[in-house]
Amino acid sequence: MSILLGLDIGDTRIGVAISDALGVAAHPLCTLTRKNRQVDLIVISDLVSIHKVERVIIGLPISLDGSLGMQAEKIQKFARRLEHVIDIPIEFQDEQFTTAEAEEILRELGKDAREQKGLVDEVAAVLILRDYLNRDQKIASPASMKNN
């Protein structure tokens with residue numbers, strides 16, 4: 001198996017998780033505070049290099065009816081740009097309810113809202129990566145989703 005990087009991409013922060021080398025478990029890595037597109041892409045590229053990542057998994061918010069909203073389109077656009085700076089596959093994982101689940105996990109751990117702010121993105125990235133590792137079917141790569 002290979003090392004995977006999971007991303008929960010938001011407008012303000014990007015939660016980052018990483019798998020173990022066996023592809024069995026996902027662990028929180030960090031939360032990136034978004035600077036600008038170029039810096040964000042470089043930082044993710046650096047993480048890919050440092051951790052010898054072989055595939056990036058990006059959470060994609062798919063609506064209950066299966067449609068893609070404005071946030072999903074922004075994430076797909078970011079993924080297409082990321083493809084130009086890293087030379088490994090990128091795949092999407094439905095991230096429905098991961099933020100709510102992450103917030104619940106942190107509440108159960110006794111973290112207050114202030115403590116949750118950065119952690120929720122990391123935990124959401126872990127959940128995205130966990131779901132990817134556990135799923136049977138793959139969602140298409142950014143190159144095959146030419147909506148923009």
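## Sheet, helices and cores in a predicted model

In this predicted model, A17 has P28 as its bridge partner in β3. β2 and β3 run antiparallel and are joined by seven bridges; two strands count as paired if DSSP finds at least two bridges between them. The protein has four helices and five strands, which are DSSP runs numbered from the N terminus (helices H or I, at least four residues; strands E, at least two). Residues are numbered from 1 along each chain as its sequence is written, and side-chain values use heavy atoms, with hydrogens and water left out. Local features need pLDDT of at least 70 and side-chain atom pairs count only at pLDDT 80 or more, while totals for chains, interfaces and linings use all residues.

**Overall make-up**

- From the N terminus on, the elements follow the order β-β-β-α-β-α-β-α-α.
- Of the 148 residues in the protein, 43% are buried, where buried means under 20% relative accessible area, exposed over 50% and partly exposed in between (1.4 Å probe, protein chains only).
- Contacts (heavy atoms within 4.5 Å) between residues at least 6 apart in sequence join residues at least 24 apart in 64% of cases.

**The sheet**

- The five strands form an open sheet in the order β3-β2-β1-β4-β5, and the pairing is mixed.
- β1 (residues 4-9) has six of its six residues buried. L4, G6 and D8 point one way from this strand, and L5, L7 and I9 point the other way.
- A hairpin of three residues connects β1 to β2. The two strands run antiparallel over five bridges, and D8 has G15 as its bridge partner in β2.
- On the β4 side, β1 pairs in the parallel sense over four bridges. L5 stands opposite V56, and G6 stands opposite I57.
- β4 has five of its six residues buried. This strand runs parallel to β5, with five bridges between them, and G59 has Q93 as its bridge partner in β5.

- α2 lies across β1, β2, β4 and β5 and runs at about 165° to β4.
- The axes of α1 and α2 are 10 Å apart and the helices pack at an angle of about 60°. That angle makes α1 oblique to α2; under 35 degrees counts as roughly parallel, over 145 as roughly antiparallel, 65 to 115 as roughly perpendicular and the rest as oblique.
- R37, D40, L41 and I44 in α1 meet F78, R81 and L82 in α2.

**Nonpolar cores**

- A nonpolar core is a set of buried Ala, Val, Leu, Ile, Met, Phe, Trp, Tyr and Cys residues joined through side-chain atoms within 4.5 Å.
- The largest core has 26 residues, of which L5, L7, I44, V56, I58 and L82 touch the most other members.
- At least two residues of this core come from each of β1, β2, β3 (26-33), α1, β4, α2 (70-83) and β5 (90-94). α2 gives the largest share, five residues.
- A second, separate core of 10 residues includes I57, V126, I128 and Y132.
- Not counting residues up to four places away in sequence, L7 touches a set of residues that includes I14, V16, I44, V56, I57, L82, A125 and I128.

**A loop residue with positive phi**

- K52 is in the loop between α1 (37-50) and β4 (55-60).
- The phi of K52 is near 55°, a positive value in a residue other than glycine. Most residues other than glycine have a negative phi.
- K52 counts as exposed because its relative accessibility is 62%.

Key
Axes are lines fitted to C-alpha atoms, for helices over the stretch in contact, and angles run from 0 to 180 degrees between N-to-C directions.
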